[in-house]
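Biologist: I have a structure open and would like to go through it with you. Could we begin with the ligands and then turn to the strands?

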Amino acid sequence: MVLVLKTVPDGHGLSVEPAAALPSLAGASRDDLLEAFAQLGVLEKQRRMRVAQLWSWIYARGVVSFDEMSDVSKDLRSELAGAYSLERPEIVSEQVSQDGTRKWLMRLPKREHDAQGPEVETVYIPESDRGTLCISSQVGCTLTCTFCHTGTQKLVRNLTHAEIVGQILLARDRIGDWPGANAPDDGGRLPNSDRKITNIVLMGMGEPLYNFDNVCEAMKIAADSGGLAHSRRRITLSTSGVVPEIARWGKEAGTMLAISLHAVRDELRDILVPINRKYPIKDLLDACRSYPGLSNARRITFEYVMLKGVNDSLADARALVRLLAGIPAKINLIPFNAWPGAEYECSEWEQIERFAEIVNKAGYASPVRTPRGRDILAACGQLKSASVKLRASERAVVPTASGEDAGAN
Ligand code: SAH
Ligand code: SF4
């Protein structure tokens with residue numbers, strides 16, 4: 001059973017184009033707020049203090065109105081409210097799976113060159129002792145991994161840091177994960193922990209290392225103790241293997257790392273994860289070996305999707321173990337999640353167990369990732385939104401002051 005809690009019109013038909021909205025400061029970095037205060041004419045020497053106040057209201061308490069910011073003067077609150085909002089992305093639909101998994105389709109505000117506000121998906125997976133939020137980094141993906149639904153959607157655009165953080169804010173609103181907030185009224189299953197989102201994984205739509213700067217800035221806001229205060233050890237970036245960016249990510253963001261390995265031979269990985277033709281397995285594993293801060297307590301997760309008759313032989317399992325020797329690693333076996341038109345099938349359950357046994361015997365904890373939210377297409381690799389990228393010739397032509405066409409470049 002799929003419980004659709006809320007579905008709002010998709011912008012076609014009856015709904016009217018909303019009046020131009022004020023820019024939102026939900027998702028703002030410290031620099032964004034410094035800039036906003038400068039625009040409002042706040043004295044330079046006061047700006048840093050104001051930024052700390054606003055961050056605390058936005059990220060520690062989750063307020064959605066400037067009115068609630070009781071330690072900010074009334075005048076400044078009304079100036080803020082005149083120029084900005086704290087709006088979250090719009091919810092197009094919210095689905096709750098039988099197993100408590102929630103999936104939101106969100107519409108982001110329209111930016112230059114967008115045909116309409118692009119749509120992205122965010123998924124929340126509650127377990128008894130933890131809650132994992134899976135967020136998107138791009139609308140669509142430039143890569144075309146053959147088993148992945150997102151890979152069939154061309155890249156529409158990169159998400160901004162504020163849009164990436166906005167997914168976390170919206171999820172926290174919807175599951176009542178703010179101090180003093182109420183749980184959702186459908187009473188959905190939530191973990192038995194103080195915070196309902198304990199882990200963040202960059203495993204939604206897109207290749208996060210191809211949107212490095214925005215994802216990095218967003219994770220700084222997520223991990224900052226004055227921001228959303230998530231531990232970096234509980235934030236995991238998953239990459240298909242953008243080798244040159246892995247070391248930089250380790251140095252600048254320092255989160256946990258997951259690698260979408262999926263094959264132990266280049267000939268097969270070239271097909272399943274085509275970026276392998278550019279950065280083959282050996283280069284990828286070298287980058288993993290040099291990832292900063294690795295230890296038995298801080299391991300890299302290797303994701304391995306189980307595709308029937310393709311990569312699931314016991315010889316593959318043994319080769320996998322040999323390949324990862326010497327790297328502090330966890331192996332995550334992911335049953336393939338089917339999607340309409342997919343050319344693969346999920347391995348038989350007994351085969352997954354036999355495969356897992358070899359991996360376990362070699363000393364790797366290899367949890368088989370229990371598929372979650374399959375009934376609402378919220379599982380790994382099933383995410384795809386209807387957003388498409390407009391060709392330059394289709395983009396709105398925005399006249400500039402000088403009369404030039406600014407829309408088609
Ligand atoms: N682009 C990044 C992160 C997003 S994909 C990456 O590729 O790592 C998140 C994970 O889901 C990846 O390991 C990906 O390989 C896996 N995945 C994609 N499609 C899947 C499917 N249909 N079934 C199971 N896992 C899938
Ligand atoms: Fe893109 Fe990751 Fe899907 Fe590959 S698996 S197409 S990199 S989202």
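Biologist: Which residues are closest to ligand 1?

Modeller: Ligand 1 is surrounded by 21 residues, and the closest are Gly206, Ser238, Ser260, His262 and Asn337. A residue is counted here if one of its heavy atoms lies within 4 Å of the ligand. Please note that this is a predicted model, in which local features need pLDDT of at least 70 and side-chain atom pairs count only at pLDDT 80 or more, while totals for chains, interfaces and linings use all residues. Residues are numbered from 1 along each chain as its sequence is written, chains are lettered from A and ligands numbered from 1 in the order in which they are written, and side-chain values use heavy atoms, with hydrogens and water left out.

Biologist: Which side chains have a polar atom 2.6 Å from an oxygen atom of ligand 1?

Modeller: Ser238 has a side-chain N or O atom at 2.6 Å from a ligand 1 oxygen, and Ser260 has a polar side-chain atom at 2.6 Å from an oxygen of ligand 1. For Glu303, the distance from a polar side-chain atom to a ligand 1 oxygen is 3.1 Å. On its own, ligand 1 has 530 Å² of accessible area, and the protein covers 95% of that; the areas come from the Shrake-Rupley method with a 1.4 Å probe.

Biologist: Which elements give two or more residues to that shell?

Modeller: They are strands S9 (235-239), S11 (300-306) and S12 (329-335). Strands are DSSP runs (E, at least two residues), numbered from the N terminus.

Biologist: How many disulfides does the structure hold?

Modeller: The number is 0, where a disulfide is a pair of cysteine sulfur atoms within 2.5 Å.

Biologist: Now S5. Which way do its residues point?

Modeller: In strand S5 (residues 131-134), Gly131 and Leu133 point one way, Thr132 and Cys134 the other, and all are buried. Buried means under 20% relative accessible area, exposed over 50%, and partly exposed in between (1.4 Å probe, protein chains only).

Biologist: Why is Cys134 called buried, and what about Cys346?

Modeller: Cys134 is called buried because its relative accessible area is 9%, whereas Cys346, at 27%, is partly exposed.

Biologist: Which strands pair with S5?

Modeller: Strand S4 (residues 119-126) pairs with S5 in the antiparallel sense over 4 bridges, and strand S8 (residues 199-202) pairs with S5 in the parallel sense over 3 bridges. Pairing requires at least two DSSP bridges between the strands. Cys134 is the bridge partner of Val123, and Ile200 that of Leu133.

Definitions and conventions. Polar contact = N/O pair within 3.5 Å; in protein donor to acceptor, adjacent residues only side chain to side chain.
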